[in-house]
Amino acid sequence: MTTEPDVRFEDLGLAPELLSAVTELGYETPSAIQAGAIPPLLAGHDLIGQAQTGTGKTAAFAIPLLQRLDMKRKDVQAIVLTPTRELAMQVAAAVRAYGKQVGKYGVRVLPVYGGQPIHVQHKALRGTVHVVIGTPGRVTDHLKRGTLDLSGVHFFCLDEADEMLNMGFLEDVEWILDKAPAERQIALFSATMPGPIRRVAERHLNDPVDVRITQQTKTVEKIEQFSLRVSHHNKLEALERLLGVEDHEAVLIFVGTQRAAAGLAEHLQSRGFGADGIHGGMNQAQRDAVVKRLRGRRIQIVVGTDVAARGLDIDHIGLVVNYDLPRDPEVYVHRVGRTGRAGRTGRAISLWQPREQRQLRSIERFSGQPMEQMRIPGVEELLVRQRTRVLEKLQGSYADMPPEFVAWAKEIIEAGDFDAESLAAAALRLAWGDGPLNAPKGEDRPPDVADTGDLVEIVIPVGIRDRVKPGAIVAAIAGETGLPGRVVGRINMRERVTFVEVASSHVQTILDGLAGTKISGRTIRARLAHPEGDGHGGGGGGRPQRPRPHRKAGGPSGPRKYGPKGRAQRGPDTRGPSGPQRGHRRRGP
Ligand code: AMP
């Protein structure tokens, strides 16, 4: 989002309930189009806004629209025309979100579009509706049928007018505007201003204010850019893996909101990364302190929002990660430009979810550079990287080796205490630190993770708030099924649930085995996370099996309970046939 650094929402004349809604949504400062469009719209002017999707244009018209509603009235007072039904629904959702605190009973927003039975919309229109968001075709239909009355409408917005032109809606748009009351305000938003749109503006708008968000392009050619497809729930894990394999002196991670910046920084700290957050909720001194720590190489990672990270001019940032994909392609260019400075090379990795594909494409179109697709680094890769680091550490240590150390080594070997191999192994182990050599460090997973073969994801109703360790889950699965820990893949813990990848060939055994088992006092009802087989779970290929009814409940010797740390505890009263039921009632540790 291109924001206006010196303008605050407080300066735009917003009603308290709208100001508080945007604050609650985590917006720090108004975007350029918001700063430019909100004041004239609130003052009642017509407006031409030239801005693309992702610039925050929805709030630019939705906020004035909401502020100018008379909530004592029950009729339609504002109409937004959009080219597609998707956009209509999206805008409707946004208007509801911004208007959450408006009026005693809330703002009634009705999207109307083709494809939905017209009588359903007709029925809704007979009730209280303050704002209609619709495609021009369907709005025209309603007007012709007399099911929509324009007489109370004082605000019209044409959203993505050039798209409406492309889709052949311009005639309908003009027809609707011709029916509008004389005393009305029109806001016209369009990414481009082709002739026909200009002519619509000239014909229907009254001395409009022009707000244009100019695109300042910037070259990002020197920066290697990658995209990484992730699903919502494995974003964190993907990020941790990335940070595990990428070697950079300094990394800048961008997120969408202040809360995300603080939360993610804290999470990374808990995982042993030297990370700090930087966002608009911090005062200048706090932000400066973070920058100083990064500059002084006391931390390696800064997680920031766009506004706060704007001034971050640090030459040694080697990697920019878009943890949240920016909506605005221009913002992308700004973010990515934080790396590759002072003639250095830089890398940028953008995480994106399947639903953000269009956004990704528009970024690529804007920057003129396709991103190279990458995959979530695998465990093997992570291991290789970590071993290489140990070797590099040893090499670095050898590079300026004082001769007395060499003499000492010789002495040890000659004395027969160690042969050269044993001495080297001991040194390697010391450099590697705790933990086995076949498990990547910092990964809450068993060694030999099932990286090959099909994986499916199951979901277990315990999570972070139950203070369960991933080890407890692996222990429960292995303990109840007798299968080796390597049938378990990635473990992704959320607040209340945990997603666990398991080998698809064993999924039924695992679901059966877990039935009635307790982990941290919670009886486990594991189930497939994606029973319809939407390809989740990393393995690819095989359609996940549907869980059958559990054949055995609790296993032959009754349910075991797994404490937060993964130790199996067997209570004497949980044995026997009544185990699972009783176990369900029992409270765990
Ligand atoms: P739009 O261009 O209206 O589709 O908005 C793009 C995205 O930016 C949406 O996800 C909005 O929630 C978000 N957004 C809008 N205004 C702001 C703002 N001032 N600060 C941060 N995010 C915003």
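1. Ground rules. The model is predicted, so local features need pLDDT of at least 70 and side-chain atom pairs count only at pLDDT 80 or more, while totals for chains, interfaces and linings use all residues. Residues are numbered from 1 along each chain as its sequence is written, and side-chain values use heavy atoms, with hydrogens and water left out.

2. Confidence. The average pLDDT (the predictor's confidence in each residue, from 0 to 100) is 82 for the protein, and 85% of the residues score at least 70. Residues 444-452 have a pLDDT below 50; beyond near neighbours in sequence, this stretch makes 27 contacts in the model (a contact means heavy atoms within 4.5 Å). Residues 564-589 are also below 50, with 48 contacts beyond near neighbours in sequence. Where pLDDT is low, the predicted coordinates should not be read in detail.

3. Overall make-up. The protein has 21 helices and 22 strands. These are DSSP runs, numbered from the N terminus: H or I over at least four residues for helices, E over at least two for strands. Among contacts between residues at least 6 apart in sequence, 74% join residues at least 24 apart.

4. Accessible areas come from the Shrake-Rupley method with a 1.4 Å probe; for residues, only the protein chains shown count as cover. Of the 589 residues, 50% count as buried (under 20% relative accessible area, with a 1.4 Å probe and protein chains only).

5. The ligand. There are 14 residues around the ligand (a heavy atom within 4 Å), and the closest are Tyr-27, Gln-34, Gly-54, Gly-56 and Thr-58. An N or O atom in the side chain of Tyr-27 is 2.4 Å from a ligand oxygen atom. A polar side-chain atom of Thr-58 lies 2.6 Å from an oxygen atom of the ligand, and a polar backbone atom of Thr-55 is 3.0 Å from one. On its own the ligand has 490 Å² of accessible area, and the protein covers 80% of that.

6. Asp-159. This residue lies in the loop between β5 (155-158) and α7 (161-166). Is Asp-159 buried or exposed? Asp-159 counts as buried because its relative accessibility is 0%. Leaving out residues up to four places away in sequence, Asp-159 touches several residues, including Lys-57, Phe-61, Thr-82, Met-164 and Phe-189.

Terms used:
A polar contact is a pair of N or O atoms within 3.5 Å; within protein, one must be able to donate a hydrogen and the other to accept it, and residues adjacent in sequence count only if both atoms are side-chain atoms.
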